[in-house]
Amino acid sequence: MEKMKADSINSVIRRATIFLFAAFAFTPAVPAFGQDADLMTEGIMAFREERFQDAANTFERVLDQDPQNAEAHFLLARIYFETPLRDVKRAGKEIDKALELEPNNIQYLVARLEQLRTEASNFIVEKIRESKRVRLAREILELDSTNAFAHEELGILHIRDFWRYRNAISIPYLRFVNPDYEKAEPEAPEFDSSILESDAPTLGGPPLQINPTTPVRLFPDFDNQEFNFDDQFDLETFQSQGYAIQDLKVRAEKAYARAVHHLEKSLETDPRRRSVYENLLRIHVLRNDMQRSLALLGRMLRYFPEDSFIFSNLGYSLYKAGDASGASVSFNKALDLMESQERGVYESIDLILPDGERSDYRSDPTAYAARFWTSKDPRYLTPYNERKLEHYSRIVYADLLYSAPDVDKRGWETDRGKILIRYGIPRADVTWVATGSVNDRRVISTALFGSVEVVEFSADLVEESNRYNIWEYGDFRFVFEDPFNNGRFRFYSPPADAISNGRAGAAWLNDYEIRSKEIFRQRPDLYQYEAPGRKIDLPFLVTSFKNDDETDTYVHYGVPVNEYDAGSDVIELTANVGTFLINDKRDIVVERRKTLYGLRTAQIIDFDETHLWVSTEKLTSGSGAHDVSVEFETASGGTVAVQRRAVEIPEFPADRLAMSDVLLAYRVEETPTGEPLGGADLVRSGLSIMPAPWSVFNHEQPIYLYFEVYGLEQKPDAGTDFEVEAVLAPKDDRKGIAGVVRGIFGGGEKGVSVSLPVAGSTPDDHQYLILDASNQEPGVYTLRVKVRDKVSGQSAEKEKDLFLE
């Protein structure tokens, strides 16, 4: 089956031979007898057998004998338009002659409509052709109200209108040129015409009055509202400075309703019309109407059951509708059906890979990509990788919206497509059109298509054609331009004369060919996981201790609990919990998964504003940079928590004094049996410890500290001699000299301190302390724990912040 490419919203579908062959049976009207009939039959057979030159020669002979043979002109037009003998100008002359002879022949009118879809050399020519296509489509519908080709043409036109206005703004306030196709067309049944009676929503300036029946001219009143290059396309700056920004979504909704109306009419006549399905899919996806997208894809599957395009778009729609499991199945099916070149696009991570990892990736793409996706997976408890599903969805979306088949370019190859794959759909996506000289750009938003009788084309019109598309991502933005108004947006760069005369400010500020590369280097991709269901925070702390040649890392986490019955032993709840450790090579080195059948209330710690069910997982690994991921989900999926944090697992040297992390705890007791005394406890050095999952304590609650000391120097009698000091003091956020002075002279700060000498017998030791902070005010404190070896003179220190409530 032919692999269908997603067409650009801004480009008319061009399907040459297949398009017309599928539409009409090859049964031209020929004379019942005579030489003309024999020649026509001969030419038709040559056409069918793809002997196109022979067919052309035969039809020429027919016209030599009978210049008024409209069918011969029509068939010659097809040969010169659809075959390797392509000669668009000659094809146009032949179809014009056929229509001159039979002006109401629908087959000829449709052929002329198809010729008018060829790419124009510039946007002015395209607007003229667009106007002609509109009138021709209407003419066809007057002869045949069910004609699928004509309905599709009008549907495509309204799609492009929706595309233009769905995110368009007007700066300053202007009125519109109404396209001529709006003047005579009835409202689509599903469109609520009452919206035309209300004011369009505005972000500033007077309301936009839309009159669908009266064409108007442009009478701009700029009021000295000029775009300055130094503003860097910052729309918030424009608005804050008093620019009248007009939102045009009402106009877009009108176009959407009409597009759907015409395309559905086309499918009523020809329910297997693939191009119509694809255009309907585009406009539903662009409007983010996943319910309609899924319904349409279901209809497509009945006619095209094994098609990678359909399954990839089904994966996208299911993913956006919240069905990640179904999306995973659909994407896998699409990948199985794809040809190798297209599949390679989906499997490549080159676009979103940090520069420092490219050499490793290229040395073994398959293995490295597998590790990369593993490290990017936000939820290891699910059977699918949500980040990979997001990547696939971005590729589908980019290809669906930004492909340019007329220049053989897929959506993921365009500037906007690549940005979308890297960073996803922008927080703000705004399009506007500039007018005026290069160095004096005033911003307007206008509609030119189908309006050659209304708009006066002047020397400035080429400049007016330039459109800008601004994508905001919060910390950064991208600006694209469409200087020829053909939908092929590219990164914006200031014109040379704007730079030379200084009006563009620092060139790089607005040169997005340059700025984009720096953004790519600093942030190769952007993804924020949004968990389904009720989202809860999952606090956790990580502490590490020496263990022979490896490190014991404990992850202490707390699950928020609503009101509960303290008199009950268990909260009836089934949930899945996972703790994962990922190294800097993107491998999962340790994972712990378990299912909880009820939460024991003895493990719940009460705080002022919440209750935490606490637990701990032990992960043993090597040292170095790692990520820790902790996940929690109820069996029903109604509550989800995911927390991931970068941690540095220490390597404890053998040649000098070292300390473990300081473990904050709610309780520390000796355990004679070596078993934990509570369900949340961990056991270390003969102590049962209930760890804290976060650095929050009630000021009336004792603060337990556990830590270990390594590499103490022994005295001649094999003993050790060291001292421990712990200080809890209000956090000092002051910088510079003031902070230094306070550190030297104390500054009279409040706090708690504990100091004690210790005599041990081994180079490695463990200690726990209890701090009483009951006389301290609530607030943020800094805890410092210091160990000084009296034998070697070496010292080690750890510091962390905590909050007293």
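Residues are numbered from 1 along each chain as its sequence is written. Because the model is predicted, local features require pLDDT of at least 70 and side-chain atom pairs pLDDT 80 or more, whereas totals for chains, interfaces and linings use all residues, and side-chain values use heavy atoms, with hydrogens and water left out.

The chain contains 25 helices and 27 strands, assigned as DSSP runs numbered from the N terminus (helices: H or I, at least four residues; strands: E, at least two). Of its 805 residues, 53% are buried; buried denotes under 20% relative accessible area, exposed over 50%, and partly exposed the range in between (1.4 Å probe, protein chains only). The accessible surface amounts to about 35,500 Å², and carbon and sulfur atoms contribute 48% of it; areas were computed by the Shrake-Rupley method with a 1.4 Å probe, only the protein chains shown counting as cover for residues. Among contacts (heavy atoms within 4.5 Å) with a separation of 6 or more, 68% join residues 24 or more positions apart.

The largest nonpolar core comprises 68 residues. Such a core is a set of buried Ala, Val, Leu, Ile, Met, Phe, Trp, Tyr and Cys residues joined through side-chain atoms within 4.5 Å. Tyr346, Leu401, Ile419, Tyr423 and Phe478 touch the most other members, and H19 gives the most to this core, with nine residues. Beyond four places in sequence, the contacts of Phe478 include Ile419, Tyr423, Trp471, Tyr473, Phe491 and Phe520. A further core of 39 residues lies apart from the largest one, and Ala70, Ala77, Ile95 and Ala137 are among its members.

Tyr380 and Phe580 form a tilted pair, with 4.8 Å between centres and 55° between planes. This pair links distant parts of the chain, 200 residues apart: Tyr380 belongs to the loop between helix H18 (365-376) and helix H19 (386-402), and Phe580 to strand S11 (residues 570-583). Tyr380 and Phe580 are both buried. The pair of Tyr473 and Phe478 is edge-to-face, because the ring planes stand at 80° with the centres 6.1 Å apart. Tyr473 and Phe478 are likewise buried. One aromatic cluster is made up of Tyr402, Tyr423, Trp471, Tyr473, Phe476, Phe478, Phe480, Phe491 and Phe520.

Charges are also placed over rings, the criterion being NZ of Lys or CZ of Arg within 6 Å of the ring centre and within 35 degrees of the ring normal. The charged end of Arg86 is located over the ring of Phe81, 4.6 Å from its centre.

Two buried polar residues were examined individually. Glu708, in strand S22 (residues 703-710), has a relative accessibility of 5% and therefore counts as buried. Its side chain forms a polar contact of 2.6 Å with that of Tyr706; a polar contact is a pair of N or O atoms within 3.5 Å, where within protein one must be able to donate a hydrogen and the other to accept it, and residues adjacent in sequence count only if both atoms are side-chain atoms. Beyond four places in sequence, Glu708 touches residues including Lys546, Arg684, Asp765 and His766. Gln776 lies in the loop between strand S25 (765-771) and strand S26 (779-789) and is buried, with a relative accessible area of 5%. A polar atom of the Gln776 side chain lies 3.4 Å from the backbone nitrogen of Gly751. With neighbours up to four places away excluded, Gln776 contacts His699, Lys750, Gly751, Val752, Tyr781 and Leu804.

Ile605, in strand S13 (residues 604-606), counts as buried at 13% relative accessibility. Lys409, in the loop between H19 and helix H20 (415-423), is partly exposed at 38% relative accessibility. Outside four places in sequence, the contacts of Lys409 are Ser403, Ala404 and Thr414.

Terms used. Rings of Phe, Tyr and Trp (its six-membered ring) pair if their centres lie within 6.5 Å; planes under 30 degrees apart count as stacked, over 60 as edge-to-face and the rest as tilted.
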